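Open the model in your viewer and keep the selection tool at hand. We will go from sheets to a helix pair.

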Amino acid sequence: MTGLPSIPNPDLTVGKDNKQGWNQPANRREGFHNGHARWRRMLMIRARRTLVLRDAPDPRLSAAVEATGLTRNPAFSALVVAEGDRVLHSSHAGDFGPDRPHSIQSVTKLHAHLILGELVAAGRVDPGQPVARYLPWIGSGYATASVQDVLDMNVENDFTEDYDDPLSACYAEEEALGWRIPADDRAELTMREFVAGLTGGDLLNRTGHAQYKSANTDVLTLIAQAAGDQHPLARVQTIVDAAGYEGGFHISLSPDLLPALSGGACMSARDLARFGLLLARRGRAVSGADVGNRAFLEQSLQRPAPILSATRGWVRYSNQLMTDGSWVGHAGYGGQFVMVNMETGRVAAFLSVLESDSGYDDAYMAHVIRSLESILSAR
């Protein structure tokens, strides 16, 4: 049978430097601003109840924001600073807005922190056990690694996440996240197939810092599916309700319909601030119930964990979050960061899009972290 005339989907087809259409440097800003409408499979979830935020601009805080230069950078999309039920600062680029969905990339990993925390509290997951205890089919890249080392990005294996390398394994992962389609006619990798095919040796991390691998979060997603009493998507929906989002929470899905917790969420800056406020409340939902694991969250601030990198040595990677001991948060590819000062409850949700060839700049992200630290400490 002869098919009708068609062309490969330009947003999802791989092009220059092994990047798909929406992630080409010339298209990346539009792609990040519209990822919820560009990716292969997206699930949109609305909250049952919305956390009401009132605008209460703080001139001193706005001066602190201005001093960092973050909002003047060409990459800037939006920044919202909130505390309690107040928005203390809100700014956005001319081509964007604080209430529009934006790709948050690896900031999504904070959902894995909440979900695994719940499973640990329920006794369904023991962080000291090897991954093969929960995923007996797993390959050599993770079989003997402890769940704790996976949580802490403390595993050495053959998976690479180097955005300057067009052959990096992280690009193959994107099939399993619903971000691209294969260049040939073969079927897309499922998340299980992708993770099962990863290889490694003794898996011991000897570098002295975190070995950042988004595949670790994919492993945790599969553990949550195997060990949990409900589908991971049901737990994501519970988090949406707990945070009380005003707009839609969009999450990309793998071909086997698992949420891409390693980086697949799109949401507005205001709703990302609402997510940060949920963490500031130690998981207390708008309904008064609890999500996550308060003890797991608080232990994550102080427990020994690998430093993030040589350029961000004051930041540790602990239980799928970044922390300096006073704040928790996470960075995202392309230039996102959410930071929650756990001492004051103040939250900064920052969105931007780097349009360089790789889409990543370690020095830029270090500047973002230092800037948000100064903003959250301004009084």
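Two strands pair if DSSP finds at least two bridges between them. Strands (E, at least two residues) and helices (H or I, at least four) are DSSP runs, numbered from the N terminus. This is a predicted model, where local features need pLDDT of at least 70, side-chain atom pairs count only at pLDDT 80 or more, and totals for chains, interfaces and linings use all residues. Residues are numbered from 1 along each chain as its sequence is written, and side-chain values use heavy atoms, with hydrogens and water left out.

Stop 1: Now show strand 7 (residues 265-267): 3 bridges join it to strand 5. Find Q105; A265 in strand 7 stands opposite.

**Stop 2: the hairpin.** Select residues 76-83, which are strand 3; 6 bridges join strand 3 to strand 4, and the two run antiparallel. V80 has S90 of strand 4 as its bridge partner. The hairpin leaves 2 residues between the strands, and G84 in the turn has a positive phi of about 65°.

Stop 3: Select helix 3 (residues 109-121) and helix 10 (residues 294-302). Which residues meet here? H113, G117 and V120 in helix 3 meet F296, L297 and S300 in helix 10 (contact means heavy atoms within 4.5 Å).

Note on methods. Axes are lines fitted to C-alpha atoms, for helices over the stretch in contact, and angles run from 0 to 180 degrees between N-to-C directions.
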